[in-house]
Amino acid sequence: MKTIQESVEGIIRKTPFLEEALNDKLINVSSLARVIQPDVEKDLNKDVKSGAIMMAINRLSPSSILKIRKNIKKITLTLGDFIVRSDLGNFTFKNTPTLLKCISDLIHEFGEDKDYFFTISQGIFETNLITSKKLHDKVTQIFKTEQLLSSSKELASITIKLPKSNSQQSGIYYFILKQLAWADIPVQEIISTTHEITIVVKEEDINKTFSILIDMKKN
């Protein structure tokens, strides 16, 4: 049978923001106990006093998130250059048997011209293209027979070069994206390779995003 301690720990561990704030003593334990009381009672299928929940919260040992955060801060100090691009557009198409041919035709159009920004992310049901503004007309022309699910323009991106050790450390993406979430910056797309992550935001948010990431690297 699950105990109050196990229930409280499970509920808090599911919310990393909450767990961090609690570990940093930014949350009133009494208020938190009252907030999660209905979830604890539902989980245990019985009435539970808020005092018992408070005791369970106070007994929580610092989780691995503190160790992760410490290791990630070391990694952020070794982040490579940030590359910023603007005038981007985002196009999402439904996957079809002819879509790959359209992508091939688009790539053929700009060849080895490095002035263009172009990425492809293919999912199970849809494929996402992010391109430079110079290619928008070409996308419209070449993909005119494909089913466009969504599109947006006036976007910008920041590409961050990650150290080789990033694949051995959990939580790096969380640590980066958390900063943007707390700043209320909506991330439009995320493109990643083994040692790079590209974050796409609205152009109006790019300066704030860049500033946050630079501060993260300094701290």
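**Close-up views of a predicted model**

**View 1. Glycine 51 in helix H4.** Glycine 51 has a relative accessibility of 35% and therefore counts as partly exposed, a class lying between buried (under 20% relative accessible area) and exposed (over 50%), with a 1.4 Å probe and protein chains only. Glycine 51 belongs to helix H4, residues 50–58, where helices (H or I, at least four residues) and strands (E, at least two) are DSSP runs numbered from the N terminus. The model is predicted, so local features need pLDDT of at least 70 and side-chain atom pairs count only at pLDDT 80 or more, whereas totals for chains, interfaces and linings use all residues. Residues are numbered from 1 along each chain as its sequence is written, and side-chain values use heavy atoms, with hydrogens and water left out.

View 2. The order S2-S3-S1-S4-S6-S5 describes an open sheet of 6 strands with antiparallel pairing, two strands being paired if DSSP finds at least two bridges between them. Strand S2 (118–122) and strand S5 (189–193) stand at the edges with a single partner strand each, so one side of each has no neighbour in the sheet. From one strand to the next, the twist averages 30 degrees.

**View 3. Strand S6 and its partners.** Strand S6 (residues 196–202) pairs with S5 in the antiparallel sense over 5 bridges, and a hairpin of 2 residues joins S5 to S6. Within this pairing, glutamate 189 has valine 200 as its bridge partner in S6, while isoleucine 191 stands opposite threonine 198. S4 and S6 also run antiparallel, joined by 7 bridges, and here the bridge partner of isoleucine 158 is isoleucine 199 in S6. Because 5 of its 7 residues are buried, S6 is largely enclosed by the rest of the structure.

**View 4. The largest nonpolar core.** This core, a set of buried Ala, Val, Leu, Ile, Met, Phe, Trp, Tyr and Cys residues joined through side-chain atoms within 4.5 Å, has 18 residues, and those with the most contacts inside it are Ile158, Ile160, Ile176, Ile185, Ile199 and Leu213. At least two of its residues come from each of S4, H8, S6 and helix H9 (206–218). Beyond its neighbours within four places in sequence, isoleucine 158 is in contact (heavy atoms within 4.5 Å) with residues including Phe82, Val84, Ile197, Phe210 and Leu213.

Conventions
Axes are lines fitted to C-alpha atoms, for helices over the stretch in contact, and angles run from 0 to 180 degrees between N-to-C directions.
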